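Dear colleague,

Please find the structure below for your records. My notes on it follow.

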Amino acid sequence: MLRLGIDVGGTNTDAVIMRGREVLSGFKASTTQDVTSGVVEALEGAISKAGADRAEIGNVMIGTTHFTNAVIERKHINPVAAIRLGLPATACLPPMVDWPDDLREAVGNHGYLVRGGYEFDGREIAPLDEEEIDRIGDDINTRKIKVAAISSVFSPINQAMETAARDRLLQKCPDVSVVLSSDIGRIGLLERESAAIMNASLLALSDRTVEAFAEALKSAGLTCPFYITQNDGTLMAADMVRRFPVLTFASGPTNSMRGAAFLTGERDGIVVDIGGTTTDVGALQHGFPRQAATVVDIGGVRTNFRMPDVFSIGLGGGSLVRRNADGDITVGPQSVGYRITSEALVFGGDTMTATDIAIARGEADFGDRAAVAGIDTATLDGARAAMTGMLERAVERSRISPEPIPVIAVGGGSILMPDQLGDLKVIRPENFAVANAVGAAIAQISGEVDRIFSLENGLTRDICLKQAEEEATKKAVESGAVAETIETIEREDVPLAYLPGNATRIHVKVVGEMGGLDA
Amino acid sequence: MRVVTEEDIDALEIGSAILGTGGGGNPYIGKLRAKQVLREGRPMRILPLQALPDDAKVVSLGGIGAPLVSHERIKEGREGLRCVRALEERFGFRIDAIACEEIGGQNSMEPLIIAALAGLPVVDCDGMGRAFPEMQMTTYSIYGHCSTPSVMCDCHGNVVTFDHAVSELWHEKMARACVVAQGGSSTLASAPMDGIFVKRFAIPDSYTKAISLGRTVRAAQKRHEDPVQAICAFEHGKQVFTGKIVDLKRHLKGGFVRGEAILDGFDGFQGDTAQIDIQNEYLVFTRNGVVEVIVPDLVVILDNDTGEAISTEMLRYGQRVGVLALPCHPLLRSPEALKVVGPSGFGLGHLTYRPMEETDRKDMPA
């Protein structure tokens, strides 16, 4: 059986065909406005390059940065009714209070505060104010809002009130799509609520996008199920993405790091993904990206998704090479971006880019080498030193041990990477340019538990951790993971200070191979 | 009187997190609340400590409970105002100014917010000059102020008066029990103090210092200079370690987080090993088996690149950090203060406090 991995980025759409652990082919196409035609071009390219029988393709996995880009560019975002259950608590900070003004306007700034929510120990702050939900329903109908996000205080401990509010709202507004914060995020009201609101604002786009993916596969004669990768490098069914587009927000860097790990067989290392404009650097630990400890900012909004700790610098294949006032050669952060294929010297343009330097120095060979023959040695050496310095500092920042771990270079711009960075050896896997699509193709299924346990009545930390692990495993199996392959990849307990009764917050994540995959 | 701007609030967020020495809770929610209050057109004013009249009636207040709860069940917003009003009713006089219990962490914001809502100034002082886990650990309590009658309010409108506690420790214990019933995040205002007492026994200039500290870090970041060095220069502190966290243990004991972080050095500390003892805050710094910094001096852990303070909850294996020692205020170094906020106040009676300036001799056994 074959696997088809597709990565739909802002500039390129890549596809790979894999059999077990072997990459049979990779193909790069341009991302198109309608998404569909770009996906079709990439997957047809990969299929024909591999000479694959499409009946043999058993699963399709897609990674996309489409939804992240929509938030960052404030495009395709719909108005949302943001309903919070928590009064009298939380009255001082309305929903979206810490958003950038333009994004808050883009979602309509419709915040509603309602009596309800839970205390940390499960008591109700107040019973749900159902009549207020009815009044909000009328208001939503008047304003013709099509989506709502409901967030209750401490809903990660008990989802019941969010569910009840949704059911009540649907009586008034049967056609409104409702997102519950407890389905999306963890403890931390503003971050979880913001994620739920962003998710609701993207529902129409996710519907169209998933439809476009389905159409592309259908037109290619592929009838197998398809999955989409989420933040942690694991898969969710296409229909889940329709409901939870925000869960794909960090899948881009995750896929490239997981792809890099897979292509090299390394489980620990620093992955450097060099694109056209920027370079993303992150650490691999045990085959998974190291997670960021703090909140992650998406388009100016704080979220508490678990995301890879990725550090970006302004260096890419299209970075401008210039001489500054002091006479030093600088590279980036300005870039010709996707216009590199017309503006770089080797492609007949008249802008000196980082790629031109690599070609002129003989570190890569494509385009018109004669066009860069005139660049003087001082410029070449200065630019080379500048790029190496930038990469060294970025790698050093992500390095978490003095061990001589490898640096893995991936992405279309990885020709800029020297063979050695300081004391670290650089590995360049085959198919480095399509590592993202490979990362998508090998993604696994996960299950996660994150809530507060009370260490009382004979319950110990170990018992609670075990219980959380069993729950997470059950979730993973229900989502399609093979039970025998499941392993725990995150296991963390953070005691709640300043409260007697020894409450502790436990977070456990397990992953397993997807069923039906003969790896 | 200094009028507080939104920019000051941003700087205070950074400065108070540094002075939190790993604890005190994240000031982010408080920052948002403070900005909301400013945007509603309620001015915040900081009164210099020495401008406080001798007979002024000053109430210090702060949040009490679990920081994690305060990020989920965000406050109603006027809890502290209800505390002040209840105290005024109980004592039969009006309050003239609000003071801060704890400048470190999220409790730096609450007095500003409540003072603005009440139309009162905030005195430029606090009771700790940093963060401590318990209420009796303020210089107000240490130097003889009886913090009861006090008032504790929650988001529901419940108002609890602690009429009399036989000791400051009893007050802490009773308040801690009550905050659980109130949902784990309340506001507590202590009995009014006279201006003359506050001028003598409060840690001075806390707000101007924390705000300037935050501005210093910001400015260093903007100029791409080392923020860690900038903090040291500003606070007369020193960088005692640069390293990576190689082991981390945290466990609960009586509602408080205890544990230790082990670090391996790099840069100028290559080959050195350090340990930091945690008890809600960072308490003790030990290098190569020798104790170098002890509470109440401040042990601060910062992200080595950004200079941002790392709280005990944010500590992760593999983080690359700088460790700073900052001297505490002399009011915390007296024998009566050290009984409460020195090592023995944290069950570390086997250690003897020695000011960080004197430990360069490296003759202290761990």
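This is a predicted model: local features need pLDDT of at least 70, side-chain atom pairs count only at pLDDT 80 or more; totals for chains, interfaces and linings use all residues.

What percentage of the 519 residues of chain A count as buried? The answer is 52%, where a residue is buried if 20 or more other C-beta atoms lie within 10 Å of its own, exposed if 12 or fewer, and partly exposed in between, with C-beta atoms placed from the backbone.

Residues are numbered from 1 along each chain as its sequence is written, and chains are lettered from A and ligands numbered from 1 in the order in which they are written.

Chain A

Chain A contains 14 helices and 24 strands; helices (H or I, at least four residues) and strands (E, at least two) are DSSP runs, numbered from the N terminus. Its C-alpha atoms fill a box of roughly 75 × 55 × 55 Å along the principal axes. The radius of gyration of chain A is 24 Å, which agrees with the value near 24 Å for a compact globule of 519 residues; this radius is taken over C-alpha atoms, and the globule rule is 2.2 Å times the number of residues to the power 0.38. Of the contacts in chain A with a separation of 6 or more, 67% are between residues 24 or more positions apart, a contact being two residues whose C-beta atoms, placed from the backbone, lie within 7 Å.

Helix H6 of chain A (residues 189-201) is mostly covered, with 13 of its 13 residues buried. Its end C-alpha atoms are 18 Å apart, in agreement with the 18 Å that its 13 residues should span at 1.5 Å a residue; the expected span is 1.5 Å times one less than the number of residues.

Two cis peptide bonds may interest you. One joins A:Leu87 and A:Pro88, with omega about 10 degrees, and A:Pro88 sits in the loop between strand E5 (80-87) and helix H3 (101-106). Another joins A:Gly332 and A:Pro333, with omega about -5 degrees; A:Pro333 belongs to strand E18 (residues 329-335).

Chain B

Chain B has 11 helices and 17 strands. Its radius of gyration is 20 Å, close to the 21 Å of the globule rule for 366 residues, so chain B is as compact as a globular protein of that length. Of these 366 residues, 57% count as buried.

How do the axes of helix H1 (residues 6-19) and helix H9 (residues 206-222) of chain B cross, and at what angle? They come within 7 Å and cross at roughly 95 degrees, with axes fitted to C-alpha atoms over the stretch in contact and angles running from 0 to 180 degrees between N-to-C directions. H1(B) and H9(B) are therefore roughly perpendicular; angles under 35 degrees count as roughly parallel, over 145 as roughly antiparallel, 65 to 115 as roughly perpendicular and the rest as oblique.

The axes of H1(B) and helix H2 (residues 28-39) of chain B come within 10 Å and cross at roughly 170 degrees, and these helices are therefore roughly antiparallel.

B:His236 has a positive phi, near 55 degrees, in a residue other than glycine. With 9 C-beta neighbours inside 10 Å, B:His236 counts as exposed.

Yours sincerely
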